[in-house]
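Let's take a walk through this structure together.

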Amino acid sequence: MSADGKESKSGFRAWLDHRTGLDSLLRHTLDEPIPGGAKIAYVFGSGLLFLFLSQIVTGVFLAMYYVPSADHAHTTVAYITKEVTGGSFLRSIHAYGSSAIIIVLLLHMTQTFLYGSYKGRRELVWVAGCVLLALMLGMAFTGYLLPWDQKAFFATTVGTNILSEIPWVGNGLKELLRGGTEMGTLTVSRFFVLHVFVIPACIFAFVAIHVYSFRKAGAAGPATEDPVSPKLPAETFYPKQLVMDMGFATLIIVLLGLVAYFWPMDLGPRADPADTQFMPRPEWYYVPVFQYLKYWHGSTALLGILVIPGIVGLLLVGLPFFDRSLERRPWKRPISVGLFTIVLLGLAALGVSSYRQDMRNPGVAAQLRAQQEATKEFMNAKFEPELSGSSLSAQNVALSNPEAAKGKEIFEAQSCNACHGDNGVGTAAAPKLVGVGAKYDAARIAALLNTPSAKMTAGGMPPVQLKDDEMKPLIAYLQSLN
Amino acid sequence: MPQVEPVTQKQSGDPNRRSFLAGLLAAGSATVGALLAIPLVRFTLHPVLARTTDKSWSDVGKVDEFQNLDAPVKKLVTIEQRDGWRRTMTEKPVYVSKDAQGQLIVLSAVCTHLGCSVPFVEKERRFICPCHLGNFAPDGTLLSGPPPRSMDRLETKIEDGTLKTQYQFFRQLTHTKEELA
């Protein structure tokens with residue numbers, strides 16, 4: 001704190017600086033000149049970096065309990081959500097964080113676009129930014145499957161099926177991504193590796209390229225500024241812009257925290273590949289694409305799925321190469337600004353029409369409501385720990401109770417096992433009965449057997465009419481299945 | 001050096017104000033960071049702090065079959081344990097025996113010395129630990145050898161004619177029975 005403008009360094013700081021050059025690095029970072037001065041409009045980039053860091057931190061902590069396998073993924077996420085202290089909150093921050101990233105990404109891109117900040121030797125900044133957009137969408141796609149609940153499973157089934165529309169290599173790509181022809185435990189492993197190792201590593205690399213090439217070209221300043229040799233008086237990044245950036249980061253985390261606290265992210269019932277009713281709906285940021293794909297089938301699919309998105313993508317990535325003029329003011333660039341607005345409005349319109357289509361079709365609306373109900377019911381149920389594979393089998397335990405042993409004979413005599421599987425493990429035709437005793441008491445099981453619910457009847461479950469001396473052992477057996 | 005100077009002069013007149021602001025920002029970030037760390041710490045400590053202490057009762061067998069007991073009989077009880085998000089069911093050996101008053105008791109077969117499984121030796125009419133030859137009477141009382149205390153009795157109850165027990169683990173090498181989680 002000397003008055004001569006140079007900060008006096010204490011022993012340790014000098015020692016560290018001699019070895020790392022930290023001070024000059026810090027000064028270089030903080031003294032970045034911004035032509036025209038600090039502006040709120042510039043906060044989105046650092047906001048994204050902050051959100052990415054938040055995703056890494058929450059992701060690392062979630063991995064402390066998560067197991068990437070089709071057998072355990074859903075149980076472990078349910079455990080995080082229902083049992084672990086603060087687990088629902090952390091998972092919500094992480095899950096909503098992906099939406100926050102997409103929102104801030106759109107704001108960042110729109111700002112860059114409207115200000116013409118990609119002009120004047122800033123091609124690499126823009127291209128790296130486009131790659132980061134794709135990588136972030138990849139993170140959202142791969143992360144969505146990991147909880148292995150109904151919507152995760154079916155949305156990803158549809159999402160990966162789209163790949164097979166690509167001519168020649170499509171099917172191969174799909175199978176490579178899934179680790180087989182069908183979705184299964186290898187799919188979870190692959191998505192986990194992409195989500196946790198591969199894509200984040202790419203993001204680190206492209207953030208480095210993005211930031212480095214941005215600093216090399218320099219901040220572009222307002223839309224009226226010359227993008228190559230700025231003329232407006234510059235202000236350094238520190239302190240004003242830094243304070244604005246930090247304020248924005250605080251706003252983001254406060255908003256995320258409030259949403260996560262008051263509207264925690266839910267988890268649906270465990271994925272049931274045999275379900276033929278389930279209607280997957282993607283996260284909001286994929287809804288426009290989802291709706292768009294509905295319009296293309298048969299011979300036009302190639303055009304809609306490959307050619308048009310290819311052209312739009314090429315126009316987007318190649319923007320600084322096609323648009324070489326140094327004019328930055330948006331009102332002087334009607335064509336590019338017009339195209340950009342049309343694409344944005346088009347996406348929004350697709351999203352709205354998807355939502356309206358769903359609501360207008362009573363069958364679809366009812367099914368979507370039923371799915372929401374099922375999710376709510378699952379969320380309200382107590383966490384059920386998974387019986388470990390090395391445990392005594394349910395069969396042995398059942399047989400130690402003579403009543404249950406008799407019930408097992410009835411279970412087989414009535415051919416319950418034909419659909420519900422031996423020992424009630426479940427088959428493609430009917431759900432598992434293991435754990436049913438924890439869910440319902442004996443009276444409720446008896447009632448359901450006598451008069452199955454509408455859902456059960458729809459699934460092909462006949463009413464079971466037995467005398468009391470047979471019903472009791474059967475229920476004892478069902479209750480012993482865990 | 002000459003390149004840095006003009007920049008430094010341009011953006012701030014008063015270095016004291018500048019470093020005060022830096023301190024303020026650092027303190028602010030540290031506070032926010034610490035607040036954000038709270039849920040992370042609680043999340044991490046969950047398995048350590050939230051011990052599941054609920055004990056479950058396991059069936060040993062029908063009371064009738066133990067009525068005319070003249071020597072301890074070995075039974076396997078199924079116990080359920082929570083391990084994070086999963087539960088395991090394992091079988092543990094126990095002995096059903098009678099105390100001096102003729103009441104049914106259930107003994108853990110784990111030796112109080114070093115935790116070997118203790119069998120009842122019919123010929124000698126006593127429990128003899130195969131590891132270090134600790135000897136126990138049929139009701140579990142310590143007779144001789146290195147074990148510090150008698151065999152551990154488990155909690156029992158009789159429900160609908162079935163003898164039930166609460167299987168537990170106890171600390172070895174102590175004179176008094178100390179429960180382990």
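Start with Glu386(A): its bridge partner in E3(B) is Arg86(B). Two bridges tie E3(A) to E3(B), which covers residues 86-98 of chain B, and these strands run parallel. Two strands count as paired if DSSP finds at least two bridges between them. Strands here are DSSP runs of type E with at least two residues, helices are runs of H or I with at least four, and both are numbered from the N terminus.

A quick word on what you're looking at. This is a predicted model, where local features need pLDDT of at least 70, side-chain atom pairs count only at pLDDT 80 or more, and totals for chains, interfaces and linings use all residues. Residues are numbered from 1 along each chain as its sequence is written, while chains are lettered from A and ligands numbered from 1 in the order in which they are written.

Now zoom out to the whole meeting place. Here 29 residues of chain A are in contact with 27 residues of chain B (contact: C-beta atoms, placed from the backbone, within 7 Å). On the chain A side, H4 (73-82), H5 (87-114), E2 (234-236), H10 (237-262) and E3 (386-387) each supply at least two residues. H10(A) gives the largest share, four residues.

And chain B itself? Among contacts in chain B between residues at least 6 apart in sequence, 46% join residues at least 24 apart.

Methods. Contact = placed C-beta atoms within 7 Å.
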